[in-house]
Amino acid sequence: MDPYTVEHNVKPASPSDQPPRRPDFSTFFSTLELVDTSHTNNVHSTPIPGDISSVFRMLAEGYERMRQDQDLNGATHLHGDDHEIDSGHSRFLEALIQTLLSEADTPPKEVNGVSDEFLAELERVPKKALKKDMSCPICNNPFLDDKYPLVVRLPCHKSHIFDLECIQPWLKLHPTCPLDRKNLVKKKEPPPPPPKEEEEDGDYDEMYA
C-alpha cells in the first residue's frame, strides 16, 4: 500500500474521479523487495544482478512517463517564464532518468538506498505551510492539487521538499538528494580500538607472572 493512503488513512480517488498524478510504482516496489537486503538478517543474501538492473530501469521508465505527461500537458498553455520553468523541470527529470539508465546498464552489487525508518522520520511539511506556487521537483505538480498532500523535507536544505510518493523510490535506491546529490545518511564510524593502557597492563603482568 502506498504511503499516501497509509499516512492519511483515506481511500484515494478512483481513476474516474480524477486523472492520476503519478505513475503506479507498485511493480517497482515489488521488485525492490527482491533486492533490498537492508531488512534481512541473512548476511549471505546476494541479490540477482538482473533484478537490481530491473528496479533502476523501472524507476527510469516511471520518471519518463512523468516527463512525457508534463510535456504534453504543459505544451499547450505555458508561455514566457512558465515555459522556462517547465523546461528546467524537464531537464532535471531527464538527468535523473539518464542516471538511472546508466545504473541499470552497470548495476551495483547491492542497493544502497535509505531505510524505511529513515523515510518515516523525514520531516513532514504541513499543508498550511504550502503555497499555491510550490510544486514537487520530480512530478512538477503543485502540492496543493492534492486534497491531502503528503510532503516531506530532506535534511540537506530547507527548500528541498518533495511529494513522498515521488521521492521515496529515488531514496530507496540512492541515499542522496536528487537536487544537490548530497548524502543524507551518516556513515557509521568504525568502533574505536581498545585502550592502550589495558594492553600495556597485560604485557606487564605477563613479565612478572
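**Figure 1. Confidence across the predicted model.** pLDDT is the predictor's confidence in each residue, on a scale from 0 to 100, and its mean over this protein is 80, with 70% of the residues reaching 70 or more. Because the model is predicted, local features are described where pLDDT is at least 70 and side-chain atom pairs count only at pLDDT 80 or more, while totals for chains, interfaces and linings use all residues. Residues are numbered from 1 along each chain as its sequence is written, and side-chain values use heavy atoms, with hydrogens and water left out. Over residues 13-19 the pLDDT stays under 50, and the model gives this stretch one contact (heavy atoms within 4.5 Å) beyond four places in sequence. Residues 75-81 also have pLDDT below 50, with three contacts beyond near neighbours in sequence. Where pLDDT is low, the predicted coordinates should not be read in detail.

**Figure 2. Order of helices and strands.** Helices (H or I, at least four residues) and strands (E, at least two) are DSSP runs numbered from the N terminus, and the protein has seven helices and three strands. Read from the N terminus, these elements run α-α-α-α-α-β-β-β-α-α.

Figure 3. A residue is called buried under 20% relative accessible area, exposed over 50% and partly exposed in between, using a 1.4 Å probe and protein chains only. In helix 6 (residues 164-173), nine of the 10 residues are buried, so this helix is largely enclosed by the rest of the structure. Among these buried residues are Gln168, Trp170 and Lys172. Ile167, leaving aside neighbours within four places in sequence, is in contact with Ile138, Val152, Leu154, Phe162 and Pro178.

**Figure 4. The largest nonpolar core.** A nonpolar core is a set of buried Ala, Val, Leu, Ile, Met, Phe, Trp, Tyr and Cys residues joined through side-chain atoms within 4.5 Å. The largest one has 43 residues, and those with the most contacts inside it are Tyr63, Ile138, Leu154, Ile167, Leu171 and Leu173. The elements that give two or more residues to this core include helix 2 (26-35), helix 4 (80-105), strand 2 (151-153) and helix 6, whereas helix 3 supplies its largest share, seven residues.

**Figure 5. Cysteines without disulfides.** A disulfide is a pair of cysteine sulfur atoms within 2.5 Å, and a search of the whole structure finds zero of them. The closest cysteine sulfur to that of Cys156 lies in Cys177, 3.7 Å away, which is too far for a bond. Cys166 is likewise in no disulfide, and the nearest cysteine sulfur, that of Cys139, is 3.8 Å away. Cys156 counts as buried at 19% relative accessibility, and Cys166 is buried with a relative accessible area of 0%.
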